[in-house]
Amino acid sequence: MIGAREGAFTAFRRVLARAMGAQPRVIVVPGRDVAVARGLDLIAAGLEPVASPRHANVLLIVGPLHPQLADAAATLYAQMPRPRAIVALGAENLTPLPPADVVCALSQEGLREATQALQERFAAGAFSETVKDFDAPALAVRVEYTCPMHPEVVSDEPGNCPKCGMTLVPKEAAAAGAHDGHGEKREHGANAAHAGHHGHGHQHGQKAHGGHQAHSGHETHGQASEATTYTCPMHPEIVRNEPGQCPICGMTLISSDSADSPGGHHGAHPEMGSDGSTGHGAHGKMDHSARGKMDHSNHGGMDHSAHSAGTDVPGIEPNFMSMVEMTKDLPASGDGLRMEWIDVPFGPFHPGLPGGLTLTLSLDGDTVAGAGLRGLARAAELQAMLPATLDDLRGALQGLSPHNAGFYVALLDHAVLAALGETTDLTVESAAIARLRLLGDLRWIAGLARLKGAIDLAARAEGLHRSLQIGHGEEIRAQLAQLCAKLQRAPVFRPIFSAKGGPGPTPAERLARMAQDIAAFADRAPAETAAPAHDMTGTGEAVVETGRGAARLKLTIKAGLVTDLQLVTPSQALAGHIAHITMHKELGEALAAVCLLDLDPWEVAQ
Amino acid sequence: MSAQLAFLAFFGAAALWFAVVVFRTHSMVRSALALLFSQTAVGAMFLVMQAEFLGVLQIMMMATEMSVMAIFMVMFMMDPGGLGAMEMTHQKKRSLWAGGLALIAALGVSWLGNWGPVATQLALPARQTELLGIELLGRSMLIFESAGLTILTAMIAATMVAITPLEDEPKKERHHGH
Amino acid sequence: MVIELLLALGIGAGLFGVGLYGALSQTNLVMIMMGVELMLAAALVNLVAFWRYLHPEAMSGQMFVLIVMTVMAVEMAVGFGVAIARFRSRGSVEMEEARELKG
Amino acid sequence: MSWLIPLIALIGAIYLLAVIEGWSLGGAFSLARPARAALAMIGQESTKTRKSDALFYQAGPVLLLVAGVLAVAVIPLAPDIILADMATGALFLNAALAYVLVALIMAGWGPNGAYAMIGGWRFLGQFLGYAMLIVMPITAVAMRAESLMTTQIVTSQAGLWNVFYQPLGFVLFMIAAQALIFLPPLDLPVAPGELAGGVEAEYSGPQLLVFRLARFVIILALAGAATTFYFGGWLGPVLPDWVWSGLKTMIIAAAMLSVGRFLPRLREERFLALCWKLGIPLSLINILVVGVLVLVVPV
């Protein structure tokens, strides 16, 4: 096993290994919702899904691993304690992850086989004398130094903050290799190092840590200092290529980009760009062993009048750092208490959000002060494959999203019919579409229930989803109606499903539609249209009502090839409202609001 | 050396050590929790001195108080993790002198004073608790009730001071934020 | 037996000294409150020691301890109320910045 | 040897609770499950986060366990099977359980992770809600028993169990207990769906085992406290004393573990508002009613 733990395989450890294999605790990539959409039942297969990678010993990859999630999956894998295993269901290329220990088909049968195989793998190789550290570009860490009070001050070397004179605090940023095309170095904070499950990676030994640091720190240093110039805040005529002291007044030189617009960065604070954590929370902690007390004699030349006139009032200690001065530019909070903000990534593998969706919340206490959203934007891949034959397109649409592929294919069929000039009567297909919608609704309910910890509801919704998926819809019609009625009426669930004023259909409307669908749905997939003639030409458009709003597809077909395609999905529009609907909300409430939107990460743009 | 003396010395040393840590660490959370452990050690001293009710009460109350202290420290400090190793003191020398003098004075008084005979007989804890209850609701009832009233007043007053006047609030936010 | 009393009083004196140093030397309101708490704890130790070793029969000694504990709680409540108000209006609870109180 | 019996009882009860939890949360009833999980955790490595406050990170779960064990110490299994029959037992239980808060703040702050930290501070908010609701019902119980000793509280219920004598206090106490040990629907500090485990999200291997173990000990302490305060402890016909208290404790603990399955998580400010606006007045009324009952109808 590649993820074995170092050590001799003693008799006692054999017992431990058997226990690990008998009851694997899995973390699912991209997420449990995807596993549900693929018709998998983890608990029935003898697996125990867990929320945190630290509690897991098996990384379960469901379906092909999207390249955009690969780095985050590597971080996730690195966060798992050893011994750890990788199970790939229907996934082939796992780089940068090591090859999977168990590869099986993407089905419940496959899952069962994988569980069996895991047991053997653990029993045989959970411990090993020789283990290799897992390393991936996404894990490499570059240390940069930032001021706890001025997050916009970023330097590659330790020293004092040019604005307030505080000792700069080391902070981890993503390695040079992990950021492709991000020009600004401050964006690293929100980038790959944070893209994983938690705000930081994890280390198995000091040697690995040191190695990363030395390696990446060295590499990026040269790159950064090339572009940056350093200037004195008091004497703008002094411009140097290297950090140092001003020859006129002795102040520490500050890098040009922080000198340019000290206020501008604060303005950008609510967005994801700058890492707003100032000391407390995700970064700043206890590490004063390396540094002594702040040595004032070291920067004796620091000119305090640069702050403001206020500091010179008699009776105030000469080296006093005014907190009023330092915090006055920071953005205010909704409650008027300006506190330190932290940017916390939720996702892409967050247990309460759709798998693949990355939500970054700026938290002020536990109140959301800003939000950013990143999906996988796979709709763009469709544009890249044009012109394409209808069959290719259909295949691509089927693989586009595990959640809404059914809708896409139905859209394609009806758009093609429209292009042929036939009247598209979606009402004919409405029973089949209603079933698709119901499946979506059940996943939506299960997701919300998981987020809110209502395990029973989640299990029920997932069970019904499974029955509906394998075509036992008629048998569970009554149960579906019962579930729907319960959600509409039960007082304990009312706080969740009574949200108003959000974009898209309100939860109450969606539940009402669900009740209609339960009465109307038929147990079959939308009928496929007959393949049109190979030389057909035309333009067609189709609209399908999904649970979250209308999806629209416009096609231009020339001589049997699709040359132009416009796919408009509800998630694209809904994603724009994220910042608005989460603003000033408590964290759990904000997550619930995002979850209520039922975004499909495969549709949301980056 | 009696067991009581040994335990008293142990918990006393712990209380003093944690008290010093409060002002020596840069991490605000550590500082607050060091104060908690100092107070807990004081509570343990009460237990050693056979004041069971007071000891348990002290241990219970301080856990809450100091945890609240910790979150306020994190809220109000620039660098709660202590990473920047900021200097957060002033008039250090004078304070040291003042603290030292107070210590010496208190020690002097306590060591020079004539405390008279020391009591050895003591009521059992259960009886003590009962007696304390009778004291509280008998002779000292007025004091006890005023203490309760003071706490209530302080709570209400503190809340009043802390909350924002509702009308000013949105204006200020707009002014600062954007 | 008097040695225990002296030890307890000595520890009380130590706590008081440390608390006084903290209350005078810290610049942050919350840290100053910590110093005050320590001084009050010193008073508590002394009170309990006096009760235990001098007048264990008088429950008013324990009563006094309860009152001091109340004072500690009141101090916290008022202190934090003031701290929040100051933080809201000034963005700081640093004593150096409470200039209007300096006269 | 008097401590040996409670200890064995404690270990057995914890195992049984773990089985119940696995059944309630995971869906499958399996006797071997907790043993396997424990062995697997022992075999895993303990991860260390970068720039953690190592002292708090290590001490958090241990303090939680210590708090739990101290709380269990004052719960009587039978008149003579009790680790420490303190004169202030009921208060001591509170004091020990107050350190759950400290342990969670330490465990939240220690690992230097956002989820853990939010979880730790969330628990402080939750504490402000339940703190009064756990003390005031106990006050009413102690009023009837005229003692803070847990054994005396049990004997005071010989005529009528407190659950019938002061049902209001019982309900409030159970809500507070659920919040104290952060079980769903009041599991804000761990919130698997929101914070991926919150305070325990960064723990792995043996440390996670200690954390989970401590949690079971505290659940047991609370269920034991509910038995002692409201269900007449060891009182009951035919069966031996310890069987009665053990049985009652296990039933209450099982109820505490499984009720959250059916309820969505309560939001923090809603919980706080409920506690302060409804809970505290109700517990004051409870004290008043019990006071009147004690004076007027001695049972």
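Predicted model: local features only at pLDDT ≥ 70, side-chain atom pairs only at ≥ 80, totals over all residues.
Hi everyone, let's start in chain A, where three strands form an open sheet in the order E15-E16-E17, with antiparallel pairing.

On average, neighbouring strands here are turned by 20° against each other, direction ignored. As a reminder, strands of a sheet pair through backbone hydrogen bonds, either parallel or antiparallel. Strand E16 of chain A, residues 358-364, pairs with E17(A) in the antiparallel sense, over seven bridges.

Staying in chain A, let me turn to a helix pair. Two packed helices are described by the angle between their axes and the distance between the axes. For H1 (residues 11-22) and H4 (residues 108-125) of chain A, the axes come within 8 Å and cross at roughly 160°. Angles over 145 degrees count as roughly antiparallel, and therefore H1(A) and H4(A) are roughly antiparallel to each other. The crossing of H1(A) past H4(A) is right-handed.

Which residues meet there? From H1(A) we have Ala17(A), Arg18(A), Met20(A), Gly21(A) and Ala22(A), and they meet Leu118(A), Gln119(A), Arg121(A), Phe122(A) and Ala123(A) in H4(A). Sorted by class, this contact has six nonpolar, two polar and two charged residues.

Now over to chains B and C. Their contact takes 70 residues from chain B and 64 residues from chain C. On the chain B side, helices H1 (3-24), H2 (28-48), H3 (52-76), H4 (92-112), H5 (125-136) and H6 (141-162) each supply at least two residues. H4(B) gives the largest share of that side, with 13 residues. By class, the side of chain B that touches chain C has 47 nonpolar, 19 polar and four charged residues.

Last stop, chain D. How many helices and strands does chain D have? There are 12 helices and one strand, and from the N terminus the order of elements is α-α-β-α-α-α-α-α-α-α-α-α-α. The radius of gyration of chain D is 19 Å, close to the 19 Å that the globule rule gives for 299 residues, so chain D is as compact as a globular protein of that length. Along the principal axes, its C-alpha atoms fill a box of roughly 60 × 45 × 35 Å.

Thanks, everyone!

Definitions and conventions:
Residues numbered from 1 in each chain as written. Chains lettered and ligands numbered in written order. Contact = placed C-beta atoms within 7 Å. Helix = DSSP H or I, 4+ residues; strand = E, 2+ residues; numbered from the N terminus. Nonpolar A, V, L, I, M, F, W, Y, C, P; charged D, E, K, R; others polar. Pairing = 2+ DSSP bridges. Axes fitted to C-alpha atoms, helices over the stretch in contact; angles between N-to-C directions. Parallel < 35°, antiparallel > 145°, perpendicular 65-115°, else oblique. Left-handed = near helix turned anticlockwise from the far one by under 90°. Rg over C-alpha atoms; globule rule 2.2 N^0.38 Å.
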